[in-house]
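Please open the model in your viewer and keep the selection tool at hand.

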Amino acid sequence: MDIDSSIEFSEDPLISKTLASTDDYTETFRYSDLQPHKRNSLIYSCVIKESNEKDAKALGVLCLCFKFDDEMQSIFSNLQSERAASSIMILSESREVMATSHSQKFKVGEKIPNSGSPDLITIKNKSYISTTSETKGYQGFKGLSWQGVAMTPLNDAFKHSKETGKPQTDSCQLLNSQLFSDDLKQIFKTSMLINDDLSLVVLNGIIAAARNNAVEFMPVLSEIKSTGESIALIFSDSIDNLQSTVISARLGDVRFCASLAVDIMDRNLYERANDCRWWALTTVFRQYLQLPTVGPDAQQEISNILGYINDLYTVYTNLYVYDKNGIIVAVSNKDHASVIGDKVDTQSGAIDALSCTDSQKYSVSKFVPSAQYDNKHTYIYNASITSLEQNNVFGGIGIVFDSGPQFTEMLNDSLPKDESGHTVTGCFGMFCQRDGMIISATEGSPQQVGDVIEIDDTLLGLKNGEKDSRITNYQGKKYAIGIAASKGYREYKTTGDYQNDVVAFIMMPS
């Protein structure tokens, strides 16, 4: 498909490997003559067979060449600002740099020493705090066992973030906050007791000296008092700075997590918009829907194809095809076979699809309860099915997103984690519409899907792509709250194709 590529023949062994493989697909990352102008290519390949039968004759190989460098830079720009001191990298199993956010500091192909996580390492006479993360996979896909690594120069590791500034703190905030450990609270309490005891000793000494007319002790007592006040000030300043650091870090954490959550959502739903348009081009669907009547045999074949697709794409609870009159003729999920012959729901997005002749377009339902989803809230993505020769619309396809577990998983993956990788106690997240209606909420949230979030309305009004964080009250409790508004992904929700702003909230007890 690359019109700038002059390649007509390939000697890449991935072709023979793919033809011989019994796996569903083959994943390759290295130099390939399929893309001779690139240092490395990420290629997903699969054998093309004469039919879906296991022993069918192999006809060729399909290779999808992923825009790896382009995609990684997009991911890096979302994860950190250009002025960030840290470097984020993707490393191979052999610790070779595959991609980096700061190519001037760490080069692609460079080897990074093995280290713990976190760990202090030295590279080129410079000390870094290094953190390594293994992939948890997604929908069972784990890729090529790469690692994510963040490297922060030691000199920059404990500087205040300019984005958060220095939050206002006080002693009551420390003693009552869940953000601070019991050890830190005890240090603060002990310092206050010591200072109170010292003040009492000095006061008793002044009284005793006055009674005994021992004025020569007054300068000594005054010096002790001054020293005590200085020590108290040092304690106070140190603890205040520590509080500011902890709170700034927490606000940065929840703001980042909210941004990550809504970015994952945009990327995920972008694929849903692609899926419906792709599957609407299936030749069998187009051939059968052109007929005056779609008979039982045709309905069964369409259902079989939908079932085959749905087995591969488990993020959907059902896929269904409807004719130009909006009558459902086939489904992927046998448990939903009773809807065959019914007319599509007017809120499903099908009406818009049936009036669209452009195969590049799609339509989406509102986030409302659907009979196709056991009367729970979800999105249904639709695309028109057109004739093979002309753009006459003969029907459409609807794909029912399994919004409940899918959105919850996105939020759970984005919640703040402790040193052991477990979600910080008491944290929860939500996706909301601009009007405040909750699209998804994780365990522990006091409000659920369909509720209107009880929070300051201004937090729902962030501009697309903006993020914020603050300490505020929600449901009678104090939280560090991270907020981020969706901005779309590639052409999805960025070109006027579809508008559906989502705001992510990440809550951490404060």
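Select β18 (467-474) together with β19 (residues 477-485), and you will see two strands that run antiparallel and are joined by eight bridges; strands here are DSSP runs of E with at least two residues, numbered from the N terminus, and two of them pair if DSSP finds at least two bridges between them. Within this pair, pick out I471, which stands opposite A480 in β19.

This is a predicted model, in which local features need pLDDT of at least 70 and side-chain atom pairs count only at pLDDT 80 or more, while totals for chains, interfaces and linings use all residues. Residues are numbered from 1 along each chain as its sequence is written, and side-chain values use heavy atoms, with hydrogens and water left out.

Now widen the selection to the open sheet of five strands, whose order is β17-β16-β20-β19-β18 with antiparallel pairing. Because β17 (438-441) and β18 each have a single partner strand, they stand at the edges, and one side of each lacks a neighbour in the sheet. On average, neighbouring strands of this sheet are turned by 25° against each other, direction ignored, with axes taken as lines fitted to C-alpha atoms.

Next, go to Q80, in the loop between α2 (68-79) and β4 (87-91). Is Q80 buried or exposed? Q80 counts as buried because its relative accessibility is 15%, where buried means under 20% relative accessible area, exposed over 50%, and partly exposed in between (1.4 Å probe, protein chains only).

How values were computed. Helices (H or I, at least four residues) and strands (E, at least two) are DSSP runs, numbered from the N terminus. Axes are lines fitted to C-alpha atoms, for helices over the stretch in contact, and angles run from 0 to 180 degrees between N-to-C directions.
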